Amino acid sequence: MIEFPPGLLLIIGAILVPLLPRVVRNAYMLALPVLGFWGLLVLPEGIHFAFDIFGYTLSPVRVDGLSLLFGYIFHIAAAISIIFAFHMKDPVQQMAGLIYPGAAIGGAFASDLITLFVYWEGTAIASVFLIWSSKTESAYKTGMRYLIIQIGSGVLLLAGAILQFKTAGSLEFAKMDLTGPGPVMIFLAFGIKAAFPLMHNWLQDSYPEATVTGTVFLSAFTTKLAIYALARGFPGTDILIWIGAAMAIFPIFYAIAENNLRRVLAYSLNSQLGFMVVGVGIGTELALNGTAAHAFSSVLYKGLLFMSMGAVLYRTGTINGSDLGGLYKSMPFTSAFCVIGAASISAFPLFIGFVSKSLIITAAADAEHWVVWLILLLASVGAMHHSGFKIPYVAFFKYDSGMKCEEAPVNMLIAMGLTAFLCIAISVYPTSLYAILPFQIDYVPYTATHVITQIQLILFAALAFIYLLKTGLYPSQLNSINLDFDWTYRRMLPGLIKKLGAVFVPADRLVRTAFLNRVEGFIAGVFRHHGPEGLLARTWPTGSTVLWVAVLLALYMVFYFI
């Protein structure tokens, strides 16, 4: 019998955080996800807490294999992120660090679209405080853009849910087809939060602007909740295969050229999401298992990489690759943990990415999507370049920059150590992960063919990386602005509107003046010759006068609304 809906424990528990003395606050915060995780272990499968409101039936909690897997990793990520943030004393960030994962957990167990919407918006509102807590002008502006986009995603979800209810007569969050406006709007809402191509820039814009600890929280929940929603609502939707393939490949080029290492990881995260979206699009049991497994492992290794870069930023005050180098001498433990994260995202044997990413690539081959299969292989090589080699090399092993600093705080090292342990332990014993996947699986990752093929890919990527470095062809780490699609609405459109305004404003004034003068003259003439009753007697001008007034009115409306 469920006594407390998943996620709600963290949300309600956050209320007490500012009231507690600092000496017990960290222990209290860590206890919440630990208790929540224990609660998941005893949850029976099925629908729980159903109730009627205004004649509608809502079901806040659905427990099955898919929701449980995401519930497990969200609780683990929350606990590790809280440990990483033990040194932080800001109650606003501490409350956001509980409400945000709590809302993501609640969304992963939502059985109806309205409950999903409530938690969906909860993740947006709570997480923005992790960006604003940087307390810089750039963070405030970025946070506002982030909030507008995330809230806009929720509005689309709510509108789609209403239309879906009118069409299907049900608010159940289940598999949908893209055959009506409701599912399409819901699909777009999920796509925004999953950072689909052309909808993705909020991710690279916001994550690097968050606080040192805030970025670790952000990397775990928002996009993974969107992946869960896609897997629940649109499995087997063919268009997702090509959307995911595009997501997997295009961020590689930005990640290689980017100087800000947290932004490199944001682009890398976007690419890893592409693998998961491909898995959802293929929609077979193997592919969906691969999506769930890769989401689980991505939370761990991506969190480990963000934590290592957060520790570097915390100790050095910079995260630009052009300023770093040689930090393995000052931060040996952090550099070792970063290498483990890099090996994991590179899918090196005995690291977690090896046992999860291969499920999706194998599913693409089984479904004979050979072009997509090739794209995923290229994206895997790209991941090795920008996150497997570039991140640890530039931050820790490049030429000595002369920068000296202390090792990361103990709490950060503990959080990174726990995550690194999971990245290795789960890979050594993959059955521990495969046992909680949504579908039964009979897959052996450690075959001679798979191990040899993966080692060949890694060696090829390593040789290419070394060659590009030695020949000077690898992009230099320089402070620069890399133009992405957000340039169109952050720079191009405002500039275009300003230029068009120089034309339309005078035209608008001219049309208004001509139109109003003509109407005023017409009404005055009617009243002068026929009196007020002339209007009732239908004394109207005819012919060219009517046409002229209609044209002026149309022009006025066009200029005014444009």
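1. Start with helix 9 (residues 214–233) and helix 12 (residues 261–282). Their axes come within 10 Å and cross at roughly 20°. Axes here are lines fitted to C-alpha atoms, for helices over the stretch in contact, and angles run from 0 to 180 degrees between N-to-C directions. Helix 9 and helix 12 are therefore roughly parallel (angles under 35 degrees count as roughly parallel, over 145 as roughly antiparallel, 65 to 115 as roughly perpendicular and the rest as oblique). Helix 9 passes helix 12 in a right-handed crossing. A crossing is right-handed if the near helix is turned clockwise from the far one by less than a right angle, and left-handed if anticlockwise.

2. A word on the model. It is predicted: local features need pLDDT of at least 70, side-chain atom pairs count only at pLDDT 80 or more, and totals for chains, interfaces and linings use all residues. Residues are numbered from 1 along each chain as its sequence is written, and side-chain values use heavy atoms, with hydrogens and water left out.

3. Which residues of helix 9 meet helix 12? They are Thr215, Ser219, Thr223, Lys224, Ile227, Leu230 and Ala231. Their partners in helix 12 are Arg262, Leu269, Leu273, Met276, Val277 and Val280. Contact means heavy atoms within 4.5 Å. This contact divides into eight nonpolar, three polar and two charged residues. Ala, Val, Leu, Ile, Met, Phe, Trp, Tyr, Cys and Pro count as nonpolar, Asp, Glu, Lys and Arg as charged, and the others, Gly among them, as polar.

4. Now take helix 10 (residues 239–249) and helix 16 (residues 370–397). Their axes come within 9 Å and cross at roughly 25°. The two are therefore roughly parallel to each other. Their crossing is left-handed. From helix 10, Ile241, Trp242, Ala245, Ala248 and Ile249 take part. They meet Val371, Val372, Ile375, Leu376, Leu378 and Ala379 in helix 16. This contact has eleven nonpolar residues, no polar and no charged ones.

5. Look at threonine 419, in helix 17 (residues 410–428). Is it buried or exposed? Threonine 419 counts as buried because its relative accessibility is 2% (buried means under 20% relative accessible area, exposed over 50%, partly exposed in between, with a 1.4 Å probe and protein chains only). Leaving out residues up to four places away in sequence, threonine 419 touches Ile80, Leu300, Leu304 and Met307.

6. Asparagine 201 sits in helix 8 (residues 201–206). Asparagine 201 is buried, at 4% relative accessible area. Beyond residues up to four places away in sequence, asparagine 201 touches Asp484, Phe485, Asp486 and Tyr489.

7. Finally, the whole chain. Of its 562 residues, 55% count as buried.

Technical notes. Helix = DSSP H or I, 4+ residues; strand = E, 2+ residues; numbered from the N terminus.
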